[in-house]
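Visitor: I would like to learn how to read aromatic pairs and nonpolar cores in a model. Could you walk me through them?

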Amino acid sequence: MYKELNKDIWTGRIDSLEELDSYRVHQVIMEKHVDRLPEVKKGLSVGLIGFECDEGVRRNKGRIGAAKGPNEIRKRLSSLPFYLAIDQVVDVGNVTCLEHKMEEAQQVLGTCVSKMLDERYVPIILGGGHETFYGHYLGVRQFIPSNATLGIINIDAHFDLRDEAIPSSGTMFRQVLQQDQHAGYLCLGIQPFGNTRSLFQTADEYGCTYLTEEEVQNSTHTFQVIDKFASEFDYLILTLCMDAIKAAEAPGVSAPSPFGLDAKLVRNLIRYIAGKERLLSFDISETNPVLDENGKTTKLAAYYIAEFMQGLTNKEEI
């Protein structure tokens, strides 16, 4: 299920071959097998990996197409200017879900994420449906000590706490909270009309922290909530479901949100959370090129990845 990139994804405009300040992302990307990552000697290194899977969305009765997201996001990211204080950016390829074997694909993704963390890379996972997160989580949990506490920050319109016999893109956070007594969950951007009363009750039963879309508009309060949540855990991971953003700005998702978050507000959240010293990794999920309009959503996802990398270079001192 794991494979290196087999086509020339990283191409684009070249302004200069010598002047580093004129470089674009595709000029600094290194394509490597996940078992042959370059040594991190100093500074900050980032590892990209795609998760070509929307089996969880299909099981959740959503609109499929997010499996095409990783490579389309790469294409949009490719020509963005690169001026970040990052030592190296490596792309290790994709994990692909074959024959509806989502759980196996999630395990493979987890192994790859763990390997990147072992080699001191910050993993950025390009989804895929939001079932991407569970593979992301498996890799982080494999990397950190078994008794370490893990805070999960999810920017999303939906809790994804469904109680169903078959895992899907709507069950991941319940799966984690049921099996991991050291995990906690903060969800930012919850839509009241995107979640039943039962799901709100489930969130309360599991002790989740959450802010609705309207509450997140108050940035000062939101940052205070993030700070308090972050202070309670040894490690943090961040996941973004693109359906958290209002449909006019992110139409290419399985479940568009008419009253979603403003794209700039989400950018500010990503920047802020990326600067948390305990943050290990990031995934961006539910970008669906099949449903997109003029590449709006894939381009936005690419910008968010760039913003996340920028935020990593401004990590707080603790």
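**Rings and cores**

Guide: Gladly! Keep in mind that this is a predicted model. Here, ring pairs join Phe133, Tyr134, Tyr137, Phe173 and Tyr185 into a cluster.

Visitor: How many aromatic pairs does a search of the whole structure find?

Guide: The search turns up 10 aromatic pairs.

Visitor: And what describes a pair of aromatic rings?

Guide: In general, the distance of the centres and the angle of the planes describe a pair of aromatic rings. Take Phe159 and Tyr210: their ring centres are 5.1 Å apart and their planes lie at 85°, over the 60 degrees cut-off, so this pair is edge-to-face.

Visitor: Where in the chain do Phe159 and Tyr210 sit?

Guide: Phe159 is in the loop between β6 (150-155) and α6 (172-179), while Tyr210 belongs to strand β8 (residues 209-212). The two are 51 residues apart, so the pair links distant parts of the chain.

Visitor: Is Phe159 buried or exposed?

Guide: Phe159 is buried, at a relative accessible area of 0%.

Visitor: Now the cores. Which residues touch the most other members of the largest nonpolar core?

Guide: Those are Ile155, Leu188, Tyr304 and Phe308, in a core of 56 residues. Helix α11 (residues 296-312) gives the most to this core, contributing 8 residues. There is also a second, separate core of 44 residues, with Val34, Leu117, Leu138 and Tyr185 among them.

Visitor: What does Tyr304 touch?

Guide: Leaving out residues up to four places away in sequence, the contacts of Tyr304 include Leu240, Met242, Arg267, Phe282 and Ile284.

Methods: Residues numbered from 1 in each chain as written. Predicted model: local features only at pLDDT ≥ 70, side-chain atom pairs only at ≥ 80, totals over all residues. Heavy atoms only, no water. Core = buried A, V, L, I, M, F, W, Y, C linked by side-chain atoms within 4.5 Å. Buried < 20%, exposed > 50% of the residue type's maximum accessible area, 1.4 Å probe, protein only. Helix = DSSP H or I, 4+ residues; strand = E, 2+ residues; numbered from the N terminus. Contact = heavy atoms within 4.5 Å. Phe/Tyr/Trp six-rings, centres within 6.5 Å; stacked < 30°, edge-to-face > 60°.
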